[in-house]
Amino acid sequence: MHRRPLAIAALLLAGTTLLAACGDDDDQMAGDMPAMDDDGHGMDGHDDEASPVADGARRVEVSATIDAFDPDEITATAGEDLAIVLTSEDMLHDFTIDEFDAHVAADRGETEEGGVTVDEAGTYTFYCSVPGHRQAGMEGTLTVTDG
């Protein structure tokens with residue numbers, strides 16, 4: 001009968017050890033991962049280069065955290081040039097709009113700038129393409145109105 005408490009204690013010790021091995025270490029957070037692969041592409045599959053910013057573009061400051069953009073709604077006029085000024089608060093994030101081939105990425109504590117020309121009225125989704133971030137809620141809406 002004394003084997004049962006010993007077996008339970010062994011299982012608890014094994015479970016605790018397994019959980020400790022699976023836990024995050026601050027030095028191994030996703031924000032500390034290299035931003036580029038061996039081919040010079042971002043870990044999200046995009047080129048590491050930001051979209052070019054047009055002269056005179058309107059600056060739109062966007063803050064990124066693990067689950068949200070702030071603001072998550074941006075309004076522009078068709079034909080307008082925007083400079084997305086992306087600040088990452090906690091780890092590598094990017095700002096991507098597929099329809100305009102717009103992309104800018106910023107690592108933890110950094111601010112980067114990328115451009116987009118919104119040449120057609122409509123509603124477009126911007127998102128973070130870092131794996132898992134869009135699914136965690138990192139999406140927003142760009143509404144482009146006619147001039």
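1. The largest cavity holds about 30 Å³ of space, a cavity being a set of points on a 1 Å grid over the protein atoms alone where a 1.4 Å probe fits but cannot get out; the volume is the space filled by probe spheres set on the points, which are joined across faces, edges and corners. By this rule the count comes to one cavity of 30 Å³ or more.

2. The model is predicted, so that local features need pLDDT of at least 70 and side-chain atom pairs count only at pLDDT 80 or more, while totals for chains, interfaces and linings use all residues. Residues are numbered from 1 along each chain as its sequence is written, and side-chain values use heavy atoms, with hydrogens and water left out.

3. Of its 147 residues, 31% count as buried, that is, under 20% relative accessible area with a 1.4 Å probe and protein chains only.

4. Strand β5 (residues 93-97) is largely enclosed by the rest of the structure, because five of its five residues are buried. In a regular strand the side chains alternate between the two faces of the sheet. Both faces of β5 are covered, with H93, F95 and I97 buried on one side and D94 and T96 buried on the other.

5. The partner of β5 considered here is β6 (residues 102-106), which pairs with β5 in the antiparallel sense over five bridges, where pairing requires that DSSP find at least two bridges between the strands. Within this pair T96 stands opposite H103 in β6. The two strands form a hairpin with four residues between them, and D101 in the turn has a positive phi of about 50°.

6. Which residues line the largest cavity? They are S51, I84, F95, A102, H103, V104, G114 and G115, lining residues being those with an atom within 4 Å of a point. β6 gives the most, with three residues, and both β6 and β7 (111-118) supply at least two. By class the lining has four nonpolar, four polar and no charged residues; Ala, Val, Leu, Ile, Met, Phe, Trp, Tyr, Cys and Pro count as nonpolar, Asp, Glu, Lys and Arg as charged, and the others, Gly among them, as polar.

Notes:
Buried < 20%, exposed > 50% of the residue type's maximum accessible area, 1.4 Å probe, protein only. 1 Å grid on protein atoms, 1.4 Å probe; cavity = no way out; pocket = protein on both sides within 12 Å on 5 of 7 lines; lining within 4 Å.
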